[in-house]
Amino acid sequence: QEQLVESGGGLVQPGGSLRLSCAASGIIVSINTMRWYRQAPGKQREWIAGITSGGSTDYAESVKGRFTISRDNAKNTVYLQMNSLKPEDTAVYYCNTDLWRRPFWGQGTQVTVSS
């Protein structure tokens, strides 16, 4: 059965780093476009990063230069390296792809940036 499972979230101080993981099953990361979204309290869900089957990446302006999306094809896992974290990065982070032209989501992992 298709599944995306995020992990790696937690509490971190401003300026710190976290690496999120998205482990896929029933979905081959290397031949799909994979994306990260986030949803902060009281706000709309926001696209923040994507990687194509060809390895091209792009980022929302709010995270450009601080976050890096990557994948490990052998582990069938997508990562989001988050550096220089700010309190406004606090959100639930979701892994996403498309199945049969419909968006498919993981369960999300909470990231809290606070002193």
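**Reading a disulfide and its sheet**

Cys22 and Cys95 form a disulfide, with their sulfur atoms 2.0 Å apart. The model is a predicted one.

Trainee: What is a disulfide, and how many does a search of the whole structure find?

Mentor: In general, a disulfide is a covalent bond between the sulfur atoms of two cysteines. In this structure, the search finds 1 disulfide. The cut-off for such a pair is sulfur atoms within 2.5 Å, and the sulfur atoms of Cys22 and Cys95 are 2.0 Å apart.

Trainee: Which parts of the chain does the pair link?

Mentor: The pair joins distant parts of the chain, 73 residues apart. Cys22 belongs to strand β3 (residues 18-25), and Cys95 to strand β9 (residues 91-99).

Trainee: Is the link of Cys22 and Cys95 left-handed or right-handed?

Mentor: The link is left-handed, with -80° about the S-S bond.

Trainee: Are Cys22 and Cys95 buried or exposed?

Mentor: Both Cys22 and Cys95 are buried.

Trainee: In what order do the 4 strands of the open sheet lie?

Mentor: The order is β1-β3-β8-β7, and the pairing is antiparallel. At the edges are β1 (3-7) and β7 (67-72), each of which pairs on one side only. From one strand to the next, the twist averages 15°.

Trainee: Which residue of β8 is the bridge partner of Cys22?

Mentor: The partner in β8 is Val78. Strand β8 (residues 77-82) and β3 pair in the antiparallel sense over 6 bridges.

Technical notes
Residues numbered from 1 in each chain as written. Predicted model: local features only at pLDDT ≥ 70, side-chain atom pairs only at ≥ 80, totals over all residues. Heavy atoms only, no water. Helix = DSSP H or I, 4+ residues; strand = E, 2+ residues; numbered from the N terminus. Buried < 20%, exposed > 50% of the residue type's maximum accessible area, 1.4 Å probe, protein only. Pairing = 2+ DSSP bridges. Axes fitted to C-alpha atoms, helices over the stretch in contact; angles between N-to-C directions.
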